Amino acid sequence: MEKLTQQEEAAMQAVWQKGAGIVKDFLEAHAAPVPPYTTLASTIKNLEKKGYLQSRKTGNVYEYTPVIAEEEYKKKFMNGFVQSYFENSYKALVTFFAKEKKISPEELKEIIKMIEHNDPK
């Protein structure tokens with residue numbers, strides 16, 4: 001699975017939000033700044049070529065559905081991100097955010113609770 005550009009990720013966010021649809025549907029769900037219709041249509045076609053979407057022609061319109069689930073993409077992207085920037089250490093990632101004051105002590109406590117409740121002991 002290749003990393004998407006920012007433009008492609010924004011388009012996929014709209015697709016994941018809608019679940020399936022035509023370019024017009026994704027345009028309505030797209031976060032600001034909303035690209036021109038033709039730009040989004042080209043991006044959607046590229047995502048299909050890359051294997052992220054599949055299409056089905058209904059009349060003279062193509063309906064697109066995601067092939068890759070949002071959670072699957074997030075997991076793959078985050079694993080690569082942590083590996084590349086934090087030497088494969090999630091502890092280093094959390095430490096970075098704590099030092100930058102991007103995560104509060106309350107959020108850290110919530111994370112610890114989630115880890116403890118998901119511990120398969």
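Predicted model: local features only at pLDDT ≥ 70, side-chain atom pairs only at ≥ 80, totals over all residues.
Local features are given where pLDDT is at least 70 and side-chain atom pairs where pLDDT is 80 or more, while totals for chains, interfaces and linings use all residues. Residues are numbered from 1 along each chain as its sequence is written, and side-chain values use heavy atoms, with hydrogens and water left out.

Helices (DSSP H or I, at least four residues) and strands (DSSP E, at least two) are numbered from the N terminus. The largest nonpolar core has 17 residues. A nonpolar core here is a set of buried Ala, Val, Leu, Ile, Met, Phe, Trp, Tyr and Cys residues joined through side-chain atoms within 4.5 Å; buried means under 20% relative accessible area, exposed over 50%, and partly exposed in between, with a 1.4 Å probe and protein chains only. Met12, Phe26, Ile44, Leu47, Tyr52 and Leu53 touch the most other members of this core. Helices H1 (6-18), H2 (23-29) and H3 (37-49) each give two or more residues to the core, and H1 supplies the largest share, five residues.

Tyr52 is one of these core residues. Contact means heavy atoms within 4.5 Å. Not counting residues up to four places away in sequence, Tyr52 touches Met1, Glu2, Leu4, Met12, Leu47, Thr65, Pro66, Val67, Ile68 and Tyr73.

Glu8 counts as buried because its relative accessibility is 7%. Leaving aside neighbours within four places in sequence, Glu8 is in contact with Thr43, Asn46, Leu47 and Lys50. With Lys50, Glu8 forms a salt bridge (a side-chain nitrogen of Lys or Arg within 4 Å of a carboxyl oxygen of Asp or Glu), and the closest N and O atoms are 2.8 Å apart. This pair links distant parts of the chain, since Glu8 is in H1 and Lys50 is in the loop between H3 and strand E1 (53-58), 42 residues apart. Lys50 counts as partly exposed, at 32% relative accessibility.

The model has six salt bridges by this rule. One of them joins Glu48 to Lys45, with the closest N and O atoms 3.0 Å apart. Glu48 and Lys45 are three residues apart in helix H3, so about one helical turn separates them. An α-helix has 3.6 residues a turn, so residues three or four places apart point the same way. Lys45 is partly exposed, at 31% relative accessibility. Elsewhere, salt bridges link Glu70, Glu71 and Lys74 in a network.

Strand E1 and strand E2 (residues 61-66) run antiparallel and are joined by six bridges; two strands pair if DSSP finds at least two bridges between them. Arg56 stands opposite Glu63 in E2. Arg56 and Glu63 also form a salt bridge, the closest N and O atoms being 2.5 Å apart. Glu63 is partly exposed, with a relative accessible area of 25%. The hairpin of E1 and E2 has two residues between the strands, and Gly59 takes a positive phi near 70°.

The last topic is helix H5 (residues 90-99). At the start of H5, a side-chain oxygen of Ser89 reaches to within 3.4 Å of the backbone nitrogen of Lys91. Lys99 lies in H5 and is exposed, with a relative accessible area of 66%. Lys99 and Pro66 are 33 residues apart in sequence and 37 Å apart in space, C-alpha to C-alpha. After H5 comes Lys101, whose phi is positive, near 55°.

Technical notes
Polar contact = N/O pair within 3.5 Å; in protein donor to acceptor, adjacent residues only side chain to side chain.
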